[in-house]
Each structure stands twice: as structure tokens, then as C-alpha cells.
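Here's a quick walk through one protein model. Have the picture open while you read, and find each part as we get to it.

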Amino acid sequence: MKPEILLLEPMMDPIKKQLEAAYVVHRPEGMGVPADVAPRIRGIATGGGTGVPRALMDGLPALEIIAINGIGTDAVDLVEARRRGIRVTTTPGVLTDDVADMGMGLLLSLLRGLPQSDRYVRAGEWGHAPAPALGHRVSGRRMGIFGMGHVGQAIAARARAFGMPIAYTDYHDKHLPDCVFVPELLTLAREVDTLVIAASGGAGSRNLVNAPVLAALGPEGVLINIARGSIVDEAALVAALAAGTLGGAGLDVFAHEPDVPEALRTSPRTVLQPHRASATIETRLAMGELVVANLAAHFANRPLPTPVV
Ligand code: 8YV
């Protein structure tokens, strides 16, 4: 008999087909699982942002494995997973470049005003209405990276090609060439004009990018977030953008997705994306293959390719 699993986020067709070939796949409406199905669920495939709500986890007594289609584990209670002996896997490595690309894309879009100019051309305004406002130079800006893991280092590699001096904050000095380690985030924000968040989400990083950090970035400073919305005090961000004490923000992630505060949606100082940093065909296929491989290994009693728990 095929094991039964929950699929909590849509996945690409070839991945979905592989899952359906190997498992009885249930796609719950919202997060509600019918009472007769819940006791039979042995696995979950979910996204990094969606994770598994604790109430759902608690209602699945036979749950053995959570395969996250992403690298973030902040939406899964890992302590509880360990306690219950539930395995947890992620998809490291395969999405690093795409996420870093999105970070640079947001930075370029924001500072060069690409969305505004695109709208201007599409609207047939070119030659008929005043040109969009001048943008700001990207090359040579002072890059600060908060969280120097794989994604942070991929951003550093790109920033280097843009002639940017690079500084970063992390738990400890990683002794990286051409990158200055700054232990305090507030100090980092004072020393740079471009802050890219590439840190992990979760309780340890909640609201660390707060009003003082945003004020330290300053009116010429910009914030780029391709990590987790929870890391930013969103109310403080809204206030700083409205007051012009922060120059701008390029955001792929938000505190309460998919809800985005109206002030961010209407601000001329923002460029926004709906959590899309890993959303390329190539990467989503590679991520999905890892989800499939982890589930397959688990149900065949083989070592998991990319376990976290
Ligand atoms: C994905 C993510 O958008 O890696 C993560 O943790 O949040 C993203 O890559 C997501 O996991 C896909 O649902």
C-alpha cells in the first residue's frame, strides 16, 4: 500500500506526478485534514514559508517526515519534530544562486526605477510625458550583508562584480576574502548604504532589523530582504519609508504573507515581489527532486539526502 502524504503547497507538474506515483497525495483545503485521513498521514511536503502549523502537526499521530521544499525551517517546530522523532529535510544548495540573483534584481529595480520606467513606456508616455525621475548608481555602493551563509556569500560574489565594498554581520567571523566582519548589526547599518538580509528566520532573528537599524541606514540607504519578513520590524519599516529616513526597500518577503501592508504597496520607495526568489523553473525542479528523493529515501529506510532533523 502506498504511504499517504499531505502536499501543502503546489509543486511543479513533473514533481507532483512523481509524488502521485509513489504516494496517496492529499491536498488539504486550508490546513484542515479530514478526521478519517489524519491518522494515516505519514509524510508532508511543504514550502519553506508555509511550513507545518503546530496544530496540524499535533493532529497527525503517524507523521514520520516533513520534506520542506526550501531551505527555511522557521515555519516548522523543530524541537517538537525532534521530540516526536519526525524527520525534517530541506533543499540546500540548489536555490542559492536564484535567491542571490533576486536580491541583486530588487536592488537594481529599486535604485534604477525599472518598474516606473517600464510603466512609462507601456503607457505610451515616452515622448509625451516628462521622463521618469533619475535613478541612483548601483555600482560602488557600500554593501552590507546580514547573514553570511550560502546565500549571503552568493550575494557577496555578485556585489564584488559591481565594485562594492562588502561588510557583513553573522554569529562569527567567517574569514572571507574581501569581506569585513562587523559583529554588531547596528554598526554594520551605520557603515553601509545597502543592507541585504540573508539570515535565517525564526525566534532568534525576529525584528532584529528594527527602527535604530533602519535609521542608521539613513535616507540614502536601502534595505533588501530575500530572507524572511519576520526579521524586519515591518511597522518600523513602514514608518521609516513614510518619513524618508530610509531611502527605499526591495522586498521579496513579508511579516504576514500573503498580506502586505498597504503603506508598502503604495509607497514610491518600494519594489515588491510575492516571495519569488527561488521561483525559476530550473530551481523549483531541482528543489522538487530533492523533496522526492528525501521522501523516497525515508520510506525505503535509506539515509536521507539532505536532513535537518
Ligand atoms: C520558497 C523559501 O519560496 O527556501 C525557502 O525557505 O522560502 C523559498 O525558497 C518556498 O520554500 C517554496 O514554497
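## The ligand and its neighbours

A residue counts as near a molecule if one of its heavy atoms lies within 4 Å of it. With that in hand, look at the ligand: there are 14 residues around it, and E9, G48, N69, I71 and G72 come nearest.

A polar backbone atom of G48 sits 2.7 Å from an oxygen atom of the ligand. On its own the ligand has 330 Å² of accessible area, and the protein covers 92% of that. Such areas come from the Shrake-Rupley method with a 1.4 Å probe.

## Ground rules

This is a predicted model, where local features need pLDDT of at least 70 and side-chain atom pairs count only at pLDDT 80 or more, while totals for chains, interfaces and linings use all residues. Residues are numbered from 1 along each chain as its sequence is written, and side-chain values use heavy atoms, leaving out hydrogens and water.

## The nonpolar core

A nonpolar core is a set of buried Ala, Val, Leu, Ile, Met, Phe, Trp, Tyr and Cys residues joined through side-chain atoms within 4.5 Å. Buried means under 20% relative accessible area, exposed means over 50%, and partly exposed is in between (1.4 Å probe, protein chains only).

The largest core here has 31 residues, and those touching the most other members include L107, M143 and I226. Elements that each supply at least two residues are α4 (96-112), β6 (143-146), α6 (150-161), β7 (166-169) and β10 (222-225). Of these, α4 gives the most, with 8 residues. Helices (H or I, at least four residues) and strands (E, at least two) are DSSP runs, numbered from the N terminus.

Most residues other than glycine have a negative phi, and most peptide bonds are trans.

Finally, the peptide bond from E257 to P258 is cis, with omega near 5 degrees.

Terms used. Polar contact = N/O pair within 3.5 Å; in protein donor to acceptor, adjacent residues only side chain to side chain.
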